[in-house]
Number of protein chains: 2
Amino acid sequence: MGYHYAAPLRDMRFVIERVLRAPAAWLVCTAWDDLDGDTAAAVLEEVARFASDVLQPLNAPGDRAGCQLQNGEVHTPEGFKQAYTAFVQGGWPALPCSPDWGGQGLPLLVDAALREMLSACNHAWNMYPDLLHGAYETLKAHASPELQERYLRGVVSGEILAAMALTEPQAGSDLGQLSTRALPQPDGSLRISGSKIFISGADHDLTEQVVHLVLCRLHGDDGPSIPGTKGISLALVPKWLPDGKRNTWVVDSLEHKMGIHGSATCALRYEGATGWLVGQPHRGLAAMFLMMNSARLHVGLQGLGHQEMATQNALRYAQERVQMKAPIHQHPAMRHTLLRLQVQTETQRVIAYRAALALDMAAQHPDATQRQQAGQLAALLTPVVKALLTDSGFESASAALQVFGGYGYVHEYGIEQTLRDSRIAMVYEGTNEIQAIDLVQRKLLADGGAALTLLLAEWAAEADACSAHASLADFESALRQQMHLVRQGMAALQAASAADAQAPLRLAQDVMAGLGHALSGWALAASARATIDEPDTTWAQAKLQRLRYGLQWLLPQAQVHWQRVCDANLVLPDIDTPA
Amino acid sequence: MGYHYAAPLRDMRFVIERVLRAPAAWLVCTAWDDLDGDTAAAVLEEVARFASDVLQPLNAPGDRAGCQLQNGEVHTPEGFKQAYTAFVQGGWPALPCSPDWGGQGLPLLVDAALREMLSACNHAWNMYPDLLHGAYETLKAHASPELQERYLRGVVSGEILAAMALTEPQAGSDLGQLSTRALPQPDGSLRISGSKIFISGADHDLTEQVVHLVLCRLHGDDGPSIPGTKGISLALVPKWLPDGKRNTWVVDSLEHKMGIHGSATCALRYEGATGWLVGQPHRGLAAMFLMMNSARLHVGLQGLGHQEMATQNALRYAQERVQMKAPIHQHPAMRHTLLRLQVQTETQRVIAYRAALALDMAAQHPDATQRQQAGQLAALLTPVVKALLTDSGFESASAALQVFGGYGYVHEYGIEQTLRDSRIAMVYEGTNEIQAIDLVQRKLLADGGAALTLLLAEWAAEADACSAHASLADFESALRQQMHLVRQGMAALQAASAADAQAPLRLAQDVMAGLGHALSGWALAASARATIDEPDTTWAQAKLQRLRYGLQWLLPQAQVHWQRVCDANLVLPDIDTPA
């Protein structure tokens, strides 16, 4: 009856090779022209073993034990350190990093599948290495050669772990209110003072060295150089200084949270701590967004991992549990739940991996236009992946809990932990409401719809390809219907935005949901088409049945969202008078 | 920053007096012809003080401490016993019970408002007295005069607490698999043996005496008299026997749950325990349904309480928390969330209280036809109230958590406990999937739509009444639109059911959701009309604005559900081949 994880390697490979045809894309990139599907699959098989054999057994005990702060030191749950050491020895942190810095140089797409598995098996543990890639990218792009030389190899190998120190009590989503100050020193270093909260992995016992990437405000003797968001800089602040001394920051407390108990969420104080500027003065937000974008894709993959975990365990339980003389997976209400869980997981895997492939092409495609367009696509997809997949991760955990009935509510069956752990992903790295605003304002309206046009062209190509197969007529027409809704909705959004600058904010959630459905429509069609050449016809038929379930029962929800976007008469009242 | 509760007495009174016009209904019933709105309101004010001053402060500490099993005895969190003693001294358990047995004889409608407040402030504590009313009704209707004489007054006063011992490991929703056996003894008692799980409040330290109402199977010397659901009987099994001896049942363990930690969820063993038959042999299920119906309304009210708690705390936080130079309740995304929370809570209060009023009229209306029709309405509304309000309770807690951002995920802000506590209500007393099946099969199809016709007539009367006010034209037309969808959907459901007996099971969830929206449409219209005579026009205007938000942004969702019901081409595949 326990909670288990069987990595969905079969489906991952289907998505990577058959739906997204990534090996063909790799072939045109010099960095990956010797990478093929088999090699990628072999890597993922090893990750799967590590995730299910090492991480998953630590998940429930880690939830019970939590992290402890003793004499100013953070202790992680038993086994976390050993697992991390094995992870480093396996070379996993370096998977998608440049060989120039000791990395394996594999695509982010392969890394995405790795992230999905780690999150599924142990979200709390995964919090520690999950921020490494953002730190790597930030240091690689912005740090001075000296800082790079000192820290970058350790970050790539995972021997140094990293934390992002952004949030302050008064500055959550509103970074303009940041008050941590950095006084430039004659030797070029900074002296940093201030308080941060909600800092995941600011301290722990997994590695000796930890580096913080700290948002702060450069000060002269007479106060901050520049107030507001424009005056924010980024600093690297290590735990141990080059001279071997402990830096002057302290963990004040650990948060008591609903879930991810094994992840140390620290409130900390910098007391004249030594750090160094990363990037240009006052350009901290630009550097931070590089970290955040990587983190947002990872958070989306956490949602996907939770969804996969919830789905396969609910399915297993439903096949074992007999009520009214039949295993409950035969009962219609349970079939609805299980099919929805399965098809959502499968389509969202396609969407998330598509975003990772876009990042890979943005980095490595030989053609500059292709790189630029792939970058636009990745930017557009990132907030959708973050919000859509984390909403679904939580909702799916709840739907799966329902399959377990009363057993779902008790610890032993595991699913209630998935529900609790998954909830944070809707909040951190920018709440899902902020993702919707980012999507609408910066990704859809700011470029006049250019990125969306690329996406629509991709969908049109998919619809055209489906039209060659009579058996896929329903997928083709559903996709074209979704495209129509998107075009109509986008026109309405632009008109509303022209008439009233607040309109995009009012409609952001519905645009996000609508676009999510359209992406699902594309993923359903692309997956259905990919089943046609699938040699394992039993597997293909079952998959096609699930895809059709999604088509018939789930996609129509899109209408309601676009209706709201298109209805100029809807009023969103103020809340001035409390009830 | 703490979690607080201000009882929504203003809105409760609005619903009871102006929307449902309950005082006029009371006037025609002999039992309540001297009850008026002021008296009921005065009772609720006292309950509100008890709930917010006594129960709410125990809620978070009770969550941390949980229940403990020591030497076979269950200990509840500190303060629970004192609070319960005060509750009994206040005479609250007896509120809706017959004066014949020491009760106050007040309507269930008033008791519903009481339940809402207790659940909002401390769901875990409320689990102990929440089952009393079902036990009272069952003993009053089915127990022998001797058993009534021995236990009923104590149950009414609350000096005896009651537990429902239904579930067994192999028999969750499937009661046919029950195996607890009862051997009739020469003295007329039963000797009961077997194991039960998930028994809330089977043992505790709030009262000396506890009585279990146990589903069991009468045995002769050679085995069960009748197998299957037809052979189930109900027995009363006390903790202390009339001769002062401790009965022979033991608590094996307490469940470790996601929430309601202060409620003792027991696994227990009857080891030849002494009990007595309640009602006829082999007619246990009928007696049980009486308990369950009462319990289902109460569980719905738990969802309502959670929703109210989540809503008012999110609203308070949003008004205090400043980001981007404005309190966050001014940001469009937060306005959506807060308005949805408010209007859902308000409309669902109308629906739940309507069900309670129907139960009151079924019991006390002088006219037999009215009593019978009110009973039909109550039976139809009960599964909707249970499922709709508990789904919303959980979803609203999650939406409210999102308003708190990162703070929502940590213990101190209280909302994460509401999220965890609220989740159980979707599962127990029949999962929400079972409620949907009950609704469709037993409440909509079995009587050929007779109960629904009563509801539609009530809605038509409301729409007609709205038509007298030009300012309510949008409410009237939205309600008529919902009625149209219901009629169309019901016809489709009947046709589908005639063609395929499995069809109602496939469509049950969408019928439930569709009917829930229609009830909301009625509640919105009825509330809007009630604001017209409201002397406090500022309050009325703000309320009307929220109701219009519900009308414009929430009701259109109904279409998607009824579309599915009406689309005969949708296929629900089997899940034969695991992914």
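User: Before we start, what counts as two residues being in contact here?
Analyst: Two residues are in contact if their C-beta atoms, placed from the backbone, lie within 7 Å. Keep in mind that this is a predicted model.

User: Okay. Which residues meet where H9(A) comes up against H15(B)?
Analyst: From H9(A) you have A:Pro332, A:Ala333 and A:His336. They meet B:Leu505, B:Arg506, B:Ala508 and B:Gln509 in H15(B).

User: And by class, what is in that contact?
Analyst: The contact of H9(A) with H15(B) has 4 nonpolar, 2 polar and 1 charged residues.

User: At what angle do those two helices pack?
Analyst: H9(A), residues 332-364, and H15(B) pack at about 60°, and their axes are 8 Å apart. That angle is why H9(A) and H15(B) are oblique to each other.

User: Zooming out, how many residues of each chain are in contact with the other chain?
Analyst: On chain B, 64 residues are in contact with 65 residues of chain A.

User: Which elements of chain B give two or more residues to that side?
Analyst: Those are helices H9 (332-364), H11 (415-423), H12 (432-445), H15 (503-531), H16 (537-554) and H17 (558-566) of chain B. H9(B) gives the most, with 7 residues.

User: Switching topic: where are the domains in chain A?
Analyst: The domain assignment gives domain 1 as 138-282 and domain 2 as 432-566. Taken over C-alpha atoms, the centres of those two domains of chain A are separated by 40 Å.

User: Now B:Val214. Which strand is it in, and is it buried or exposed?
Analyst: B:Val214 is found in strand S6 of chain B, residues 209-220. B:Val214 is buried, because 30 other C-beta atoms lie within 10 Å, and the cut-off for buried is 20 or more.

User: What is B:Val214 in contact with, leaving aside neighbours within four places in sequence?
Analyst: B:Ala165, B:Thr180, B:Ile192, B:Ala235, B:Val237 and B:Gly275.

User: Last one, H8(B): what should its residues span, at 1.5 Å a residue?
Analyst: The 37 residues of H8(B), 284-320, should span 54 Å, and the end C-alpha atoms are 53 Å apart, which agrees.

User: How many residues of H8(B) are buried?
Analyst: H8(B) is mostly covered, with 30 of its 37 residues buried.

Notes: Residues numbered from 1 in each chain as written. Chains lettered and ligands numbered in written order. Predicted model: local features only at pLDDT ≥ 70, side-chain atom pairs only at ≥ 80, totals over all residues. Helix = DSSP H or I, 4+ residues; strand = E, 2+ residues; numbered from the N terminus. Domains from an automatic or database assignment. Buried ≥ 20, exposed ≤ 12 C-beta atoms within 10 Å, placed from the backbone. Axes fitted to C-alpha atoms, helices over the stretch in contact; angles between N-to-C directions. Parallel < 35°, antiparallel > 145°, perpendicular 65-115°, else oblique. Nonpolar A, V, L, I, M, F, W, Y, C, P; charged D, E, K, R; others polar. Expected span 1.5 Å × (residues − 1).
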